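Please read them beside the model itself.

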Amino acid sequence: MSTDTHHRHSAGGTSSATATLPEPVTLAATEWFVRLQANDAPGTDANARAATQAAWQRWHDADTRHALAWQRLVEFGAHLRTLPPLVAHNTLVRAHANPGRRRVLSLIAFAGVAGAVWSASDSNAVRAWRADVSTGVGERRTVQLADGTTLSLNTDSAVDISLSQDTRRLRLVRGEIAITTGADADHGHRPFFVDTAQGSLQALGTRFAVRQHDDSAALTVLEGAVRIVPAQAPNAATVLTAGQGATFDALTLRSRFDDASAANAAAAWTQGMLVVHAMPLGDFLAELGRYRRGHLGCAPEVADLRVSGIYPVDDTDRVLDMLSRALPVDVQRYTRWFVRVQPGSGNGDARARVRTYQAIGGDRPHT
């Protein structure tokens, strides 16, 4: 019996959507979900499959809290079903050898959200693992290079460093960095470059930030100037100065801004802050989710609510609590690693309230 069948079986009952469940119960529900996915892996013995399903049924029926935790989890299961059965199986094998079940479930969550990274053929993941300097999810780090340059790495970032006799060159493998270039007087002021997947940046005595996206890169200049050279269009080089920024691909600039306040907001992560103005809640949660492990999702009914304010990236749970108090939303924590923001209980139709709940941190709604 698949997890879809279990969904139909258990969703018939009704339970309070707002009831608080003990963490051991939600953790157990998560583990049962993954076990049942592993049960569907090719080659699973039929008797073992039947025994697992029977054991799940006994657990499910033993306590109304178990049934409620299961109902909530399968409602959230669209996100979990991306977890490959064989990966789930291998993760659970490690669980038997590791008494730290919370760590195991963290691995499960990571696999469900970013399963591609589990593949040895993912060259970007391999390059990030081998990078000279890197950070984990939720970690920020600042290092001083031999030439006097200050290099800051945002969450989940990786950089290769090459200081040769003639040039200084960084390669942004993943994530986001901020750079204050050193004078390098002892080595003749060697030129300073940052390479991204879409092109090269040359610092012209400056402070700037660079972020690597999937199909583009973003530059924000805080001091001095930076030259952008797209990888496939070197003749289309562009120089940006302080207060300017741009997103570019291998051929051209996709967008550009000239606003010092926007530039400072883009680099606010170096101070541990996320600064936004009238950002859709769905986009805001995607940004906030960069700073925490697991999945942070959003129901489509509230995705267009607008968020403004300054938020601490080192305490994402606090930010989520702020959201639940300021907007007509509930934050459903299925486990520590599976969180979903959805329409608030008793708040009516969230779609009809989008216009009046547009901001957090302001004295009045933004329209």
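**Notes on the core and its elements**

1. The model is predicted, and the points below should be read with that in mind.

2. Of the 7 residues of S17, 6 are buried, so the strand is largely enclosed by the rest of the structure.

3. In helix H10 (residues 281–289), the buried residues are Leu281, Phe284, Leu285, Glu287 and Leu288. Because these residues cover an arc of only 160° around the axis, they lie on the same side of H10.

4. The largest nonpolar core has 26 residues, and the members that touch the most others are Leu281, Phe284, Leu285, Val307, Leu320 and Leu323. At least two residues of this core come from each of strand S14 (273–280), H10, strand S15 (295–298), strand S16 (306–312), helix H11 (316–326), S17 and S18. The greatest contribution to this core is that of H10, with 4 residues.

5. Another core, of 24 residues, lies apart from the largest one, and its members include Val159, Ile179, Leu201 and Leu240. As general background, nonpolar side chains in soluble globular proteins tend to be buried together.

Notes
Residues numbered from 1 in each chain as written. Predicted model: local features only at pLDDT ≥ 70, side-chain atom pairs only at ≥ 80, totals over all residues. Heavy atoms only, no water. Buried < 20%, exposed > 50% of the residue type's maximum accessible area, 1.4 Å probe, protein only. Arc of directions from axis to C-beta. Core = buried A, V, L, I, M, F, W, Y, C linked by side-chain atoms within 4.5 Å.
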